[in-house]
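Visitor: I would like to learn how to read symmetry, interfaces and salt bridges in a model. Please take me through them one by one.

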There are 4 protein chains.
Amino acid sequence: MASKAIAVVAGVGPGTGASVARKFAAAYPVVLLARNPDNYESLVEEINKSGGKAIGISADVSSPESLKAAFEKVEQEYKGAPIAAAIFNASGRFVRKPLLDMAVEDFEAGYHVSVKGAFLFSQHTLPGLLKHAEDKDAKYPPTLIFTGATASVKANALMSGFASAKFALRALSTSIAKEFAPKGVHVAHAIIDGVIDIPRTKDWLKDMPAEAKIGADDIADAYWHLSTQSKRCFTNEIDIRPMLEKW
Amino acid sequence: MASKAIAVVAGVGPGTGASVARKFAAAYPVVLLARNPDNYESLVEEINKSGGKAIGISADVSSPESLKAAFEKVEQEYKGAPIAAAIFNASGRFVRKPLLDMAVEDFEAGYHVSVKGAFLFSQHTLPGLLKHAEDKDAKYPPTLIFTGATASVKANALMSGFASAKFALRALSTSIAKEFAPKGVHVAHAIIDGVIDIPRTKDWLKDMPAEAKIGADDIADAYWHLSTQSKRCFTNEIDIRPMLEKW
Amino acid sequence: MASKAIAVVAGVGPGTGASVARKFAAAYPVVLLARNPDNYESLVEEINKSGGKAIGISADVSSPESLKAAFEKVEQEYKGAPIAAAIFNASGRFVRKPLLDMAVEDFEAGYHVSVKGAFLFSQHTLPGLLKHAEDKDAKYPPTLIFTGATASVKANALMSGFASAKFALRALSTSIAKEFAPKGVHVAHAIIDGVIDIPRTKDWLKDMPAEAKIGADDIADAYWHLSTQSKRCFTNEIDIRPMLEKW
Amino acid sequence: MASKAIAVVAGVGPGTGASVARKFAAAYPVVLLARNPDNYESLVEEINKSGGKAIGISADVSSPESLKAAFEKVEQEYKGAPIAAAIFNASGRFVRKPLLDMAVEDFEAGYHVSVKGAFLFSQHTLPGLLKHAEDKDAKYPPTLIFTGATASVKANALMSGFASAKFALRALSTSIAKEFAPKGVHVAHAIIDGVIDIPRTKDWLKDMPAEAKIGADDIADAYWHLSTQSKRCFTNEIDIRPMLEKW
């Protein structure tokens, strides 16, 4: 009998990652990855108390060694488990600076997490996703989702590092989607075009109605829907914006 | 008390339109529009027998008069009803011809249905959609969905009329989305990139597995999901393709 | 011996069309098409006086009959002449209106000229362009250029008709480019993203420096450059904006 | 009096870079950067013999230190010279591999040269470009050009590293274009969509006519044209393909 399939979420914080984790935890044991344990500890406890199953692992997705160690822990915990869903929600430091004031480190901040990190995360999760694709009894095809941003399709001034990283992530997502779709893995990219309503942004757009921000739980619903699409209906890209967003 | 909201589907045939109609009929009384009554009669009967409510109206979406008459019938049947969902699934005659062999009528076949028809359909449904947007008790924001195709984003040789119509429809969808989102109407465009598995295409890709075609019911599921998104999470465009599609 | 190749410019007015006409008149006898003879008469005179050769023909590009008659006059004047360059610079009436206030005529104003007109113009000029492609002594491959706008790639609110027409034109251009490139015809689309500095716009952006507007002569230079590209270097799309444009 | 403006070309080899260098050397003293002196030595000699002025500097564009040293040499040679044109033509190692077989080094090969290298090159050339923008007597606005590829807009399977780097480069180019256009610097990105006819590709497409490949000199002509556009007509992106390319 196949091991029970798990879901892995990278980039868990008090926003989208947490919402996504809760949503997928209703269906699968979940692995939550974040650099800082503060970002997942209470959530892991919450999920485990409410009948789900979660473990948190501290990991830096931009570090091959750190991510390797993290997935060794996953293997210890869920030996040989297929992966039903892998969500890459990590994002590099957002740097908004004139090009001539930007240190190489500023410029590369986006790349290391959003691109190299997404590449490494994909390499670690695709074997488990492929395994799930071979499970004839699986309810849904395995799904790998990448969180993008407005900057995935729009490169504004002062955003050279962030936008180039997000454009790159989008390309990576498409390339993986094309390679692995014939093997049964559904890969999707989400262009999150707007401010997400999370603790860090609570003072943004303060004078605007709630519909000026994106709901983190709503993103989780959209990701869940993607993960339930059949092999005869893969959506490889969605955009998401709040009702009041200008675009 | 508000009248019960309805759903309107234009372009009902034995494929996507029928699947969409069935899906939305589970939640709303539905109005089915098609040029030929043969395309909706048995479906209307099926829906009404199975506990839903459906009416079919013969209409040519490319004709202002025909569409006006059709919506007068809708008004007779569902007086003042808000519209929870309007799905434009009609598509002009597909013409694949060298440019120099193409009659004006060939070239315009796509435009009249896909562009002018979509414009007229939008004008007739937006008042009802706006009415639904004002209903505080509505479960979901009203949604207007347009069915696009590969040719919505890719203009190949010999496809000048079809592709220009589908590009135009995509622009129309975006323009309406931007105008009406602040008023609470969710507008979405779906790029259907592949062969849909319907009676007309049963001999296409015959030697390929089922995953080489898009499931019409799966499209309906995706549209339904779009129609359930909250005001804090509008997806304005999705692509859809089967697992085995090359893209 | 081959007849001397000509250039044909549709949509000649006191702006881009005139600049393009002057530019190409330096190399080829030119045919200028405009609905209103006022738009080409003085220009025809100017070109003929300054050593070039020009004829003006009154034509409505959106009318098959009118365009047919116009090209019969071209044939009378330049019997069997190959076409070295054909520039479609006509544009439908710009209508900016809420969707629900837009008459069908408003919506279709863009389509008739920009899409149907471009289709008809292409059908009339491609035989001459193909003829030029077969001329081994031709200095440059024949070139067909379409003038687009910001709205060719961006569909804003209140611009449903204009944007859908410009999206459609872009698709048409690409489809023709793909069909005719193997036959030696170079087809290009120009996204003119900004206000062109012409008499009609002289009061726009008045407080801004000259670099806030696009120079009509500069567009003509860009089109000329496109028309001189070799068969080993076809550019199928350019964007053009002034230095001070926000994009 | 202003120092004579120079042009800087990064990524000089026996193909596009050499053609570009020759073209710009007809107007400006040129600086040629390449990792391997073999790639520029004979070209430097050729240009200097034929009446131009060229220096070659060995540099690894992906290394901040190496590029810093290179531009110190430029400063020694052409003290305080404004830069009329800077062309970034370097490209990372092309790696085509299944994602799961790709080493981090393979994946990053594209990034280091095409993205980080382009960022560093921009930081080193923009001060000189800005200086040229202030020269009232300059014939043309200063121009910074980046060489892209099919993969700049199309991310195929097995191309995750290359495509993500090229997408990123495109975003970088746009971001810089938007930041520096108001300051008078013209930034352009070229999508080179096809095989360039260079010594390394001489056996590719052997059975096809010459029009199946892009001419390196033709690319240089297109770049030169970009560099001559006025402040009232900046083209920020062009595509380039040979007549016989499928796209």
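Guide: We go from chain pairs to salt bridges, then to a surface patch.

Visitor: What should I know before I start?

Guide: This is a predicted model, where local features need pLDDT of at least 70, side-chain atom pairs count only at pLDDT 80 or more, and totals for chains, interfaces and linings use all residues. Residues are numbered from 1 along each chain as its sequence is written, chains are lettered from A and ligands numbered from 1 in the order in which they are written, and side-chain values use heavy atoms, with hydrogens and water left out.

Visitor: By what turn and shift can chain C be laid on chain D?

Guide: Two copies of a chain are related by a rotation about an axis and a shift along it. Here chain C goes onto chain D by a turn of 180 degrees and a shift of 0.0 Å along the axis, with an RMSD of 0.0 Å. That is the relation of a two-fold axis. The C-alpha of C:I238 is the one in chain C nearest the axis, 2.5 Å from it. Superposition is by least squares on the C-alpha atoms of residues with pLDDT of at least 70 in both copies.

Visitor: How many residues are in contact between chain C and chain D?

Guide: 34 residues of chain C contact 34 residues of chain D (contact means heavy atoms within 4.5 Å). The same surface serves both copies, as 100% of the contact residues of chain C recur in chain D.

Visitor: How much area do chain C and chain D bury between them?

Guide: The size of an interface is often given as the accessible area lost when the parts come together. Chain C and chain D bury about 2900 Å² between them, 55% of it on carbon and sulfur atoms. Buried area is the accessible area (1.4 Å probe) that two parts lose on being put together, summed over both. In chain C, the residues that lose the most area to chain D are C:R232, C:M243 and C:W247, together 29% of what that side buries.

Visitor: How many salt bridges are found across the interface of chain C and chain D?

Guide: Side chains of opposite charge can pair when their charged atoms come close. The rule asks for a side-chain nitrogen of Lys or Arg within 4 Å of a carboxyl oxygen of Asp or Glu. It finds 2 across the interface of chain C and chain D. D:D197 and C:R232 meet in a salt bridge at 2.8 Å, N to O. C:R232 is also among the residues of chain C that lose the most area to chain D.

Visitor: Now the other pair. How many residues of chain A are in contact with chain D?

Guide: 39 residues of chain A are in contact with 38 residues of chain D. The two chains bury about 3100 Å² between them, 71% of it on carbon and sulfur atoms. Across this interface of chain A and chain D there are 2 salt bridges. D:E108 pairs with A:K116, with the closest N and O atoms 3.9 Å apart.

Visitor: Is A:K213 buried or exposed?

Guide: A:K213 counts as buried, at 7% relative accessibility. A:D197 is partly exposed at 32%. Buried means under 20% relative accessible area, exposed over 50%, and partly exposed in between (1.4 Å probe, protein chains only).

Visitor: Which residue forms a salt bridge with B:K53?

Guide: B:E77 does, with the closest N and O atoms 3.5 Å apart. B:K53 is in the loop between α2 (41–49) and β3 (54–58) of chain B, and B:E77 is in helix α3 (residues 64–77), 24 residues apart. B:K53 is partly exposed at 37% relative accessibility, and B:E77 is partly exposed at 42%.

Visitor: Which residues form the nonpolar patch on the surface?

Guide: A:W204, A:L205 and A:M208 form it, with about 290 Å² of accessible area together. Patch residues have over 30% relative accessible area and no salt bridge; like charges are joined within 9 Å, nonpolar side chains (Val, Leu, Ile, Met, Phe, Trp, Tyr) within 5 Å. Areas come from the Shrake-Rupley method with a 1.4 Å probe, and for residues only the protein chains shown count as cover. A:M208 sits in the loop between β7 (196–197) and β8 (214–215) of chain A. A:M208 is partly exposed, with a relative accessible area of 42%.

How values were computed: Helices (H or I, at least four residues) and strands (E, at least two) are DSSP runs, numbered from the N terminus.
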